[in-house]
Amino acid sequence: MPTALITGITGQDGSYLAELLVKKGYRVIGMARRSSTLNTERIKHLLDDITIVQGDLQDQGSLLALLEEYKPSEVYNLAAQSFVPTSWNQPALTGDVTALGVTRLLEAIRFVDPKIRFYQASSSEMFGKVQEVPQKESTPFYPRSPYGVAKMYGHWITVNYRESFNIFASSGILFNHESPRRGLEFVTRKISDGVARIKLGMAKEIRLGNLESQRDWGFAGDYVEAMWLMLQQDHADSYVIGMGETHAVREFCEIAFAHVGLDYKEYVVQDEKFYRPAEVDLLISDPSRARAVLKWEPSVSFRELVTMMVDSDLARLKKG
Ligand code: NAP
Ligand code: F7E
């Protein structure tokens, strides 16, 4: 039975990846940071099948100790300060966790067992002010937030440990991926939750920022499959993962409201508060390398993703 360590197990992707690896017969060790309240909402259905251990990307010793104790053959680094607006309010923390945290984990691998296969959760936010359309592995980066800058460091340190120490370290440059388990502050979930509340008479409006920015949105359940595939290859590498299409926030609103028979124009209010100091206007992936090499194919379309999220929030809120 192979053992995998997942950092960020309590997050959206951590929960889907844990499900996938348990199904594949892995012993799954999930690293969670200490908190004063339980934070296992997304993985409560898995708690009998996985082991939760305490550790923090800011604490080198905890990472070394976990690798020594559990001897994983694969490590998936999904932990990060992942909310872009917070990265302007807490840029140093974002750098410490999202950038330097990657080095701490790679150092732990180097000292404990350099044969461990490593996955780094890199991001399309690294493309930022895009230098090429669509974006592929060779597209130059131009990050537009402290988060994007930190992810760029995480990506390059992963490539560097691959080249310097021959560690099997792969970087997945994933475009936005969403689900009913997405955090409520991200725009897709904010919209699906807001639509459900308006439909059920619990809210009157949704306040949003820039409706014109365009994202390449896919389903998180499909994207964790790509992470696993990257660690099953003969060689470590970097791959762009996305749907190869782009949609504006406005279009997400339109489909989500129309799904429950409403017109978004009557309920969406634009609010300066949600605009960013520097915006990423347009992201669209070219995932042809991942499709050819990893044989990765997404199963959920953009429209299916939007309606899945709205239906899920409606069901959750109706249950009370
Ligand atoms: P998420 O829901 O925000 O989850 C982030 C996870 O990181 C949570 O489990 C969080 O724990 C943990 N964490 C934060 N700081 C930590 C620390 N100092 N030590 C240990 N754990 C810490 O993010 P996600 O959407 O699942 O994304 C997973 C990864 O992929 C992230 O690295 C993200 O930046 C990256 N990514 C995401 C997307 C996307 O569209 N979702 C796209 C590209 C890349 P708590 O629960 O305690 O907060
Ligand atoms: O914003 C616009 C906002 O916060 C998407 C993270 O997972 O994906 C995510 O980063 C767009 C932006 O995601 C609101 O200005 C409008 O243009 O859902 P988001 P993100 O910033 O793209 C990447 C790939 C990651 O790696 C990150 O970890 O939507 N927008 N109005 C809004 N955004 C939010 N959050 N809230 C609004 O009210």
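1. A quick definition before anything else: helices (H or I, at least four residues) and strands (E, at least two) are DSSP runs, numbered from the N terminus. With that in hand, K71 sits in the loop between α2 (60-70) and β4 (74-77). K71 has a positive phi of about 45° although it is not a glycine. K71 counts as exposed because its relative accessibility is 60%, and the cut-off for that label is over 50%. Keep in mind throughout that this is a predicted model.

2. K295 is another one to look at on the backbone side. Its phi is positive, about 60°, and again the residue is not a glycine. You'll find K295 in the loop between α9 (288-293) and α10 (302-319). K295 is exposed too, at 64% relative accessibility.

3. While you are checking backbone geometry, have a look at P134. The peptide bond leading from V133 into P134 is cis, with omega near -5°. P134 belongs to the loop that runs between β5 (117-123) and α5 (146-165).

4. Now the overall layout. The protein chain splits into domain 1 (3-177 + 217-241) and domain 2 (183-216 + 245-283 + 300-319), so watch the residue ranges when you make selections, because these bounds come from an automatic or database domain assignment. The C-alpha centres of the two domains are 27 Å apart. Where the domains touch, domain 1 puts in 21 residues and domain 2 puts in 22 residues.

5. What surrounds ligand 2? There are 23 residues around it, and the closest are S123, Y147, S213, R276 and E279. As for secondary structure, α6 (187-199) and β8 (206-208) each supply at least two shell residues.

6. S123 has a polar side-chain atom 2.6 Å from an oxygen atom of the ligand. In the case of S82, a polar backbone atom is 2.7 Å from an oxygen atom of ligand 2. N176 has a polar side-chain atom lying 2.8 Å from an oxygen atom of the ligand. Taken alone, ligand 2 exposes 710 Å², and the protein buries 95% of that.

7. Is R215 buried or exposed? It is buried, because its relative accessible area is 7%, and buried means under 20%. The R215 side chain reaches the backbone oxygen of V280 at 2.8 Å. Beyond neighbours within four places in sequence, the contacts of R215 are E125, N176, E245, T246, H247, E279, V280, D281 and L283. Two of those names have come up already: N176 makes a polar contact with ligand 2, and E279 is among the residues closest to ligand 2.

8. Last, helix α8 (residues 249-259). Its buried residues include V249, F252, C253, I255, A256 and F257. What do the buried residues of α8 pack against? Their partners are α6, β8, β12 (247-248), β13 (268-270) and α10. Of these, α6 and β8 also contribute to the shell around ligand 2. Just after the helix, G261 takes a positive phi of about 80°.

Definitions and conventions
Residues are numbered from 1 along each chain as its sequence is written. Chains are lettered from A and ligands numbered from 1 in the order in which they are written. This is a predicted model: local features need pLDDT of at least 70, side-chain atom pairs count only at pLDDT 80 or more; totals for chains, interfaces and linings use all residues. Side-chain values use heavy atoms; hydrogens and water are left out. A residue is near a molecule or strand if one of its heavy atoms lies within 4 Å of it. A polar contact is a pair of N or O atoms within 3.5 Å; within protein, one must be able to donate a hydrogen and the other to accept it, and residues adjacent in sequence count only if both atoms are side-chain atoms. Accessible areas come from the Shrake-Rupley method with a 1.4 Å probe; for residues, only the protein chains shown count as cover. Buried means under 20% relative accessible area, exposed over 50%, partly exposed in between (1.4 Å probe, protein chains only). Contact means heavy atoms within 4.5 Å.
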